[in-house]
Number of protein chains: 2
Amino acid sequence: MFKVAVLGPLGTYTHEAAHKLFGPGVEYYDRDTIEGVFQALPAIADAGVVPQENSIFGNVIETYDNLREAGFVRGEVTLEVMHCLLVRPGVKLQDIQKVLSHEQALGQCRGFLRTHLPSASLVKTSSTAAAARALLDNSSNCAAICSRVCASLFGLTILYEGIQDETANFTRFYLITSDNKVALPTWLPTIEPSRALIRILAEIHPSSTGPGISKFLAALQLDFIRIDRRPSPKSSLSQYVYFVELQGDPNTEAQRVDTWSSRVGRAVQRVEEAGGVVEIIGLWPHRQ
Amino acid sequence: MFKVAVLGPLGTYTHEAAHKLFGPGVEYYDRDTIEGVFQALPAIADAGVVPQENSIFGNVIETYDNLREAGFVRGEVTLEVMHCLLVRPGVKLQDIQKVLSHEQALGQCRGFLRTHLPSASLVKTSSTAAAARALLDNSSNCAAICSRVCASLFGLTILYEGIQDETANFTRFYLITSDNKVALPTWLPTIEPSRALIRILAEIHPSSTGPGISKFLAALQLDFIRIDRRPSPKSSLSQYVYFVELQGDPNTEAQRVDTWSSRVGRAVQRVEEAGGVVEIIGLWPHRQ
């Protein structure tokens, strides 16, 4: 069976994102850290799912730091963080005296709690999934705030869905494999890739005459939609690793004779000719 | 007297960076957070010093998030993080039984401690400066690991300097004021600016035809050396704030009739004509 490593524990939002991509037909493995997901490839798992960015907190540094040296992006999925109120089957709102969840989720549902459960005590847990799991050992006056995947995972009932105060809380995830050759499950849509991630090593030169990131980006001659900068593993303030996400047009990409992959390949070659150290570390389809 | 707000407490590396810029002739105010430094301008302080990036940990998110809405960069200074072993005057290496410092600094000096103070116990403090201050109340068998500015600040003696394991640990700081009009102390070098920071709001369009960050960067027609991306305050996964640091050539900038400021102004105008929402939020001189 196809094996997918996710940032754990199972039942967190990364697991839900992986579920949205692969459904129930794969085996999920949870890892304690994002680095652990990268390290699981390819020996322990065929693919991994890691958070890439959140609409409030920005890019996920640990994911980019791992992409400096490992992993190939094969897909993406965006999830609206939807906190749910879960209980053991049969428990009603008026029974609830304690609400368990991760500190952050409790904070994000303050409005709901004030209105619907003003006298319930709040109990912090190490993750939202841990709160759901804890319901199994607790008396029936407890509820958990967590992702909806916990309902099926632990046999719980969803009392409310989307109880967070702010509605605009999206997280985007990358599907990664150890390299571009790993075969993905056959039931995934096989449409022509229209996105790519490239990694460019750039130095700051004392004068503007040396080749730098501005020259490399100009050499691409393709549209890019995200740029992220991390220190190079060398730890210097004049050498950086840039991650550039390229975008083609998903509507026309399939009809072109000159494929997206080959156009990305030529763009990378132009960067190399301009003096850049560059590598393609992602190619994937994107539907609108 | 000119007032400078720094990320506190006094005696930390940000204070040392500010000292490197302004010397002893200004008043230093410490603030608990980077946001506090921004908020101190201009009512409480004339200028502020905040960390911008570190060669190991990358850019300082809190500084960039504040720059989304406030502050104007007027200068920069880079500091090599040099941990020192400080003691009360007269205390010798063989007297030391306890070493106090922030957890991170203790970790970064593991090699030195193992070699020179193998039997000393390590005591964690809330900051490196707090360790230095604590020496004043402690018996004479203690030492602190902190920045060298703590020696003059608390009347302590430097026993060793540069005791960290890794040598490549640099932090770069921005000197900020509330806007470009605040007059800096007259003793600072008044050379022609050759760097600039601009802030561009960019959206991801579903197809590559819309104006996006790649088009805006191309419209600049000036060299840039750093790009940083943060979520827009709107919290959406399709709108971002980019910070682009532009670089002129400090050796020729002074001789040009067409000044750096006016060239940056025209570059920004070109981005506006391409449909970008853009602002100059920094202009400063840079010596090599």
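The tour starts with the ground rules and then moves through a helix, a strand, a core and a helix pair.

**Before you start.** This is a predicted model: local features need pLDDT of at least 70, side-chain atom pairs count only at pLDDT 80 or more, and totals for chains, interfaces and linings use all residues. Residues are numbered from 1 along each chain as its sequence is written, chains are lettered from A and ligands numbered from 1 in the order written, and side-chain values use heavy atoms, leaving out hydrogens and water.

**Stop 1: helix α1 of chain A.** Select residues 13–22 of chain A. Helices here are DSSP runs of H or I with at least four residues, strands are E runs of at least two, and both are numbered from the N terminus. Of the 10 residues of α1(A), 8 are buried, so the helix is largely enclosed by the rest of the structure. Buried means under 20% relative accessible area, with a 1.4 Å probe and protein chains only. Among the buried ones are A:Tyr13, A:His15, A:Glu16 and A:Phe22. Now step to A:Gly23, which follows α1(A) and has a positive phi, near 70°.

**Stop 2: strand β13 of chain B.** Select residues 224–231 of chain B. This strand is mostly covered, with 8 of its 8 residues buried. Strands count as paired if DSSP finds at least two bridges between them. Pick B:Asp228: its bridge partner in β14(B) is B:Phe243.

**Stop 3: B:Ile227.** Stay in β13 of chain B, where B:Ile227 is found. Is B:Ile227 buried or exposed? B:Ile227 has 0% relative accessibility, so it counts as buried. Which residues does B:Ile227 touch? Leaving out residues up to four places away in sequence, the contacts (heavy atoms within 4.5 Å) include A:Leu217, A:Ile227 and A:Arg229 from chain A, and B:Leu217 and B:Val244 from chain B.

**Stop 4: the core.** The largest nonpolar core has 54 residues. Such a core is a set of buried Ala, Val, Leu, Ile, Met, Phe, Trp, Tyr and Cys residues joined through side-chain atoms within 4.5 Å. Select A:Leu217, A:Ile227, A:Leu246, B:Leu217, B:Ile227 and B:Leu246, which touch the most other members.

**Stop 5: a helix pair.** Select α8 (residues 213–220) and α9 (residues 260–273) of chain B. Their axes come within 8 Å and cross at roughly 145°. Axes are lines fitted to C-alpha atoms over the stretch in contact, and angles run from 0 to 180 degrees between N-to-C directions. The contact uses B:Phe216, B:Ala219 and B:Leu220 of α8(B), and B:Ala267, B:Arg270 and B:Val271 of α9(B).

Definitions and conventions
Buried means under 20% relative accessible area, exposed over 50%, partly exposed in between (1.4 Å probe, protein chains only).
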